[in-house]
Amino acid sequence: MAGNSEPLSPRAKLAVTAGRAAAAVSRAAGRGSGSVIGGRVALKLDPDLLARLAAHLDVVLVSATNGKTTTTRLIAEALRATGEEVVSNALGANMPAGITSALAGGSKARYGVIEVDEKYLAGVAKDVTPKAIALLNLSRDQLDRAAETRMLAEHWREGLAGSKAVIIANADDPLVVWAASSSANVVWVAAGQEWKDDAWSCPSCGGVMQRPGDDWLCGECGFRRPTPTWALSGDHVLDPHGSAWPIRLQLPGRANRANATTSAAVAAAFGVPPQVALERMYSVQAVAGRYDVVSYLDRDIRLLLAKNPAGWLETFSLIDPPPAPVILAVNARGADGTDTSWLWDVDYSRLAGHPICVIGDRRLDLAVRLEVAGVDFQVFDTAAEAVRACPPGRIEAIANYTAFQDLRRAVGN
Amino acid sequence: MSDSSLRVVWVYPDLLSTYGDQGNVLVVERRAQQRGLAVQRMDVRSDQPIPTSGDIYLVGGGEDRPQRLAAERLRRDGGLSRAADNGAIILSVCAGYQILGHEFVNDLGQREEGLGLLDVTSVRGEGERCVGDVLADVDERLRLPQLTGFENHQGVTHLGPTARPFARVRLGRGNGTGDGTEGAWNDTVFGTYMHGPVLARNPQIADLLIKLALDVNALPPVDDRWYEALRRERVAAATGPA
Ligand SMILES: [Zn+2]
């Protein structure tokens, strides 16, 4: 199966064309990339369009609370090693309309590597009959409106039961394991889990989880960590034959090494050897501005996105040690979730020793949080003032979703 | 207090710590320490017995299934009820507030027995989920400033004759009964739907809990600059033009 051998039906063609026209109009009107609106128009004209576009592709779906955009990029790069074209929703439009729009743009592709919002995974998996599904992690996100994490896991579990796809899943996240273990064909990856506070009760029976070392098990029903065949070990990937392959990434941090490990396991399912896949992944630099280092006011500002407690925890572990200054930016607009209570689930005492500058719409919530954590901080009205308060050199800037977009604009990224 | 340190018990962080209510523990701990008090914080997981010797117990919000599990384990354990009988001070939030009442509706749609420490009964609301900022006037007997918080719940809580409303809402839904009440209290047990977390938005409530636990009328002042700035901002945001 190579490329789109079967032509699309006239109706599907019309839908794709109408979608492109709508996207172009949306772009011209200055409403972003236009991919979502284009997809929405196309799906309305032909509700089966997503299934039909995907029918010509070997599809990989990627879902998680954190890391799905980056992992989608890494897998897409790894699969390009086959010499085939890959189509992907690289800009993170991860709901059905955005996915439809992305696939409509890849008429010569063989592979479709698709990031899917957690809530839509089961539905999209039914539509596109994927060959592989990568499941990275599930944790609390957007407290004011997100579905409960265990409900999401249950949704995955029911939606993926009977799927013919190979599931590549994180053996270290009990919720992910529970979601994946309804499937017949699972490749377990020891990708690690730094944030554990959403998996203290057994997703299966509600018992209290025991967590000796890196292991985990439910003392009541026997649900336990499966034996992984792939693992992240330091800065190496261990493959099923026990060979260790070095990870070289431009992207920082343990979480990205975990994403690379999962991506290598996915690539292997399509015949790409881990050393080849990992070599390709080095080319991934910044992902939609994340991890970019921007020169601004004679400082080098590294832009780090962290949207929820698990994301902040992973980010704290990758920043330069003190005395590197840290700018923290928090908003609570619609896309961020309007409840800032989650700030109290982040252990800001880990930033002790760093000069800390606080900005963003909700800088006062963060100020109280840091005051109670007993760390020193300064509050500023603008990014420029915060940057000027830091000595020349490297600054780590950590922001949640819309604060990150604001920050990128402020520093000219 | 049973010895020289203030014992703060955080009930079931593994089940009732989903909405940032851990902040209530951190604020009580911090403000007690700022007054020179030694604090012994005890985080009690749901497979451990609840100590009965605590001075202040904090119970947070949680999702529907963990709420049922927490109620089952608290009933079986009995420690929190014994602590309440001993006169311990208890602050409960959202799902925790419902558990402290006579009964609530669990994730299976069934009536689940609570601990009966507050004379309230909760049901599932018919209308839209209550989500957003809240402003309310606290029961004047408690001599507290205006209450600000964030609510996020489907529950409707009816007060019985021995529970007093903790506050009356100016903005937001509170108990969801339509009568303007928010939360409930008797002399030592408090329940509220307010997240934020509630003690970060209202540090005087944290001080009230400490004063009740120590049986004193006043505490030395602490630097409330950032709390006050946040309170002003949230009150303005709630009352100002959208
Ligand atoms: Zn179990």
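This is a predicted model: local features need pLDDT of at least 70, side-chain atom pairs count only at pLDDT 80 or more; totals for chains, interfaces and linings use all residues.
1. Side-chain values use heavy atoms, with hydrogens and water left out.

2. One of these pairs joins Arg68(B) to Asp107(B), with the closest N and O atoms 2.5 Å apart. Because Arg68(B) belongs to helix 2 (residues 64-77) of chain B and Asp107(B) to the loop between strand 5 (103-105) and strand 6 (111-113), the pair ties together parts that are 39 residues apart in sequence; helices (H or I, at least four residues) and strands (E, at least two) are DSSP runs, numbered from the N terminus. Arg68(B) is buried at 14% relative accessibility, while Asp107(B), at 27%, is partly exposed; buried means under 20% relative accessible area, exposed over 50%, and partly exposed in between (1.4 Å probe, protein chains only).

3. Asp133(B) and Arg201(B) form a salt bridge whose closest N and O atoms are 3.1 Å apart. Asp133(B) sits in strand 8 (residues 130-138) and Arg201(B) in helix 5 (residues 198-201) of chain B, so this pair ties together parts that are 68 residues apart in sequence. Asp133(B) is partly exposed at 24%, whereas Arg201(B) is buried at 1%.

4. Both residues also belong to a network of salt bridges that links Arg362(A), Asp365(A), Asp133(B), Arg201(B), Glu233(B) and Arg234(B).

5. Asp139(B) and Arg141(B) meet in a salt bridge of 3.1 Å, N to O, in which Asp139(B) is buried at 11% relative accessibility and Arg141(B) is exposed at 52%.

Note on methods: Residues are numbered from 1 along each chain as its sequence is written. Chains are lettered from A and ligands numbered from 1 in the order in which they are written. A salt bridge is a side-chain nitrogen of Lys or Arg within 4 Å of a carboxyl oxygen of Asp or Glu.
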